Amino acid sequence: MKSMRSLLLALASLSLLAAATITQAQQPVPDAALPMPPRPTVAMPQMPTPPPPALDAISYVLMDYQTGQLIAHHDMHMRLPPASLTKLMTAYVVDAALASGKVHWNDKVYISDHAWAKGGAGTDGSTSFLKLHHYYPLSEVYKGMIVQSGNDAAIALAEHVAGTEGAFVQLMNAYAQRLGMKGTHYSDASGYPKPDLYVTAYDLALLARALIHDFPQYYYVYKIPNYTIDGIKQWNRNALLWRDPSVDGLKTGSTAEAGFCLVASALRNGQRLIGVVMKTKSLSDAANQDEALLNYGFRFFTTRTLYKANQPLAAPAVWKGVSDTLPVGVTQAVEVTIPRGHYHDLKASMDIPATLIAPFRQGQRIGTLSVSLDGKVLAQAPLVALKTVPEAGFFGRAWDSLRLWWAGDKARPAAPAPAAAAKP
């Protein structure tokens, strides 16, 4: 009887221990895992965010480069003729060929009959005045296309990269699809007007962002103020390069069908914005309106890094593993573009299953991090395991199985982890 009483007492103690352990393990991820940043001791009135400037461009977009978030836009998916803005995609394809080693910066580029007849000195379009049947270094022809907007340079580069302009156009459209430019179709390398040549302001912002991000080694060409070849000097048509030292690209375009267009980018205090204006009345109008967009964005919006890559954001409980907790985080920094003065209005939440059962491998997706402002989701990122947690041994798994059985439905609540505050 004494031994039976001891056994019952031991079982009762184990049961109490199991219940206490389950209660502790099932505590939700505390808000302290992502603490609120310190608030000002003196409450300041919140700065209102005015609407974007009134523009007479048919279509426009203002995009933050780092996050890709839109700050302002109007009819951004309207399909319009791009004129020489076509050369931005021509440059992207050439950049890709340079980066892959298929062509080289010092290659000799031939000026063919086709390049000269469609874009040379005998045409009424913009030209670099390259001589028929002559060879020029690829670097010089490239500058001629970007700085002087030479049609002859664009066609010659297309033929050098792909053999023919037609084959090059197929590459242009393939890259457009890859970049998500759903409202764009190219039919030539120079921007010569055709019914099936069209872009959207939003797609041009995507392309500008890709040019800067994917091939930064060639981006310097866009801010070259003037360029001389064969004794002929021409000037970059982007007037913002002279007005604003923070502007370092990209390009103008103009035809009777397209009007006057400008894709511009500027970098101020670590923040880069991209402005696109389509179909204005003059190059001066295009510069004025793009400048107004950029100034609006820099004045009233900011981009903040909320969470750095590979840093633990939470450590939820793990069952049947060699570790009792699993650190989770994001693999890429989470950044958002928000109106100035609204940082403390951000809300962040982690959607993590309440019951996590090992094994877990490092990098395995566990849940989702969401950041919102005024009920609108600004950013989402996968939450992943930051370390590997193998299965426990037989007795560890058996013990956790007993704990899970004892807890029953309480071990698997349907609600996700509670909201957690964003932090700088």
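Helices and strands here are DSSP runs, numbered from the N terminus. With that in hand, welcome to this predicted model. The protein chain carries ten helices and 16 strands, and buried residues account for 49% of its 424 residues. Of the contacts between residues at least 6 apart in sequence, 67% join residues at least 24 apart. Below is a tour of the packing, the charged pairs and some backbone details.

**Nonpolar cores**

- The largest nonpolar core has 68 residues, and the members that touch the most others are Met89, Tyr142, Tyr186, Tyr222, Val263 and Met278.
- Take Tyr186 from that group: beyond its neighbours within four places in sequence, Tyr186 is in contact with Thr86, Met89, Val169, Met172, Asn173, Ala176, Met181, Asp196, Leu197, Val199 and Leu207.

**Helix 4, an enclosed helix**

- Helix 4 is largely enclosed by the rest of the structure, because eight of its nine residues are buried.
- Those buried residues are Leu138, Ser139, Val141, Tyr142, Lys143, Gly144, Met145 and Ile146.
- Their cover includes helix 2 (86–99) and helix 5, along with strand 3 (108–110), strand 4 (135–137), strand 5 (226–229) and strand 7.

**Helix 5 against helix 6**

- Helix 5 (residues 151–162) and helix 6 (residues 165–178) have axes that come within 8 Å and cross at roughly 85°.
- At that angle, helix 5 is roughly perpendicular to helix 6.
- On the helix 5 side the contact involves Ile155, Ala158, Glu159, Val161 and Ala162, and on the helix 6 side Glu165, Ala167, Phe168 and Leu171.
- By type, the residues of this contact are seven nonpolar, no polar and two charged.

**Salt bridges**

- The structure holds four salt bridges; three of them are described here, starting with the pair in helix 4.
- Lys143 and Glu140 meet through their side chains, at 3.9 Å from N to O. They sit three residues apart in helix 4 (residues 138–146), which means they are separated by about one helical turn.
- Lys143 is buried, with a relative accessible area of 18%, while Glu140 is partly exposed at 23%.
- The side chains of Glu291 and Arg243 form another salt bridge, at 3.0 Å from N to O. Glu291 belongs to helix 9 (residues 283–300) and Arg243 to helix 8 (residues 240–243), so this pair ties together parts that are 48 residues apart in sequence.
- Both partners are partly exposed: Glu291 has 22% relative accessibility, and Arg243 has a relative accessible area of 36%.
- Asp248 and Arg272 also form a salt bridge, with their closest N and O atoms 2.9 Å apart. This pair links distant parts of the chain, 24 residues apart, with Asp248 in strand 7 (residues 247–255) and Arg272 in strand 9 (residues 271–280).
- Asp248 and Arg272 are both buried.

**Backbone details worth a look**

- A cis peptide bond joins Gly249 and Leu250, with omega about 10°; Leu250 is in strand 7.
- Another cis peptide bond runs from Ala358 to Pro359, with omega near 15°. Pro359 is placed in the loop between strand 13 (346–351) and strand 14 (365–373).
- Lys279 has a phi near 60°, a positive value in a residue other than glycine. Lys279 is found in strand 9 and counts as partly exposed, at 35% relative accessibility.
- Asp374 has a positive phi too, near 55°, and is likewise a residue other than glycine. Asp374 lies in the loop between strand 14 and strand 15 (376–385), and is exposed, with a relative accessible area of 67%.

**Ala117 and Asp152**

- Ala117 has its place in helix 3 (residues 113–119) and counts as partly exposed, at 49% relative accessibility.
- Ala117 and Asp152 are 35 residues apart along the chain, and their C-alpha atoms are separated by 8.2 Å.

Key. Residues are numbered from 1 along each chain as its sequence is written. This is a predicted model: local features need pLDDT of at least 70, side-chain atom pairs count only at pLDDT 80 or more; totals for chains, interfaces and linings use all residues. Side-chain values use heavy atoms; hydrogens and water are left out. Axes are lines fitted to C-alpha atoms, for helices over the stretch in contact, and angles run from 0 to 180 degrees between N-to-C directions. Helices (H or I, at least four residues) and strands (E, at least two) are DSSP runs, numbered from the N terminus. Angles under 35 degrees count as roughly parallel, over 145 as roughly antiparallel, 65 to 115 as roughly perpendicular and the rest as oblique. Contact means heavy atoms within 4.5 Å. Ala, Val, Leu, Ile, Met, Phe, Trp, Tyr, Cys and Pro count as nonpolar, Asp, Glu, Lys and Arg as charged, and the others, Gly among them, as polar. A nonpolar core is a set of buried Ala, Val, Leu, Ile, Met, Phe, Trp, Tyr and Cys residues joined through side-chain atoms within 4.5 Å. Buried means under 20% relative accessible area, exposed over 50%, partly exposed in between (1.4 Å probe, protein chains only).
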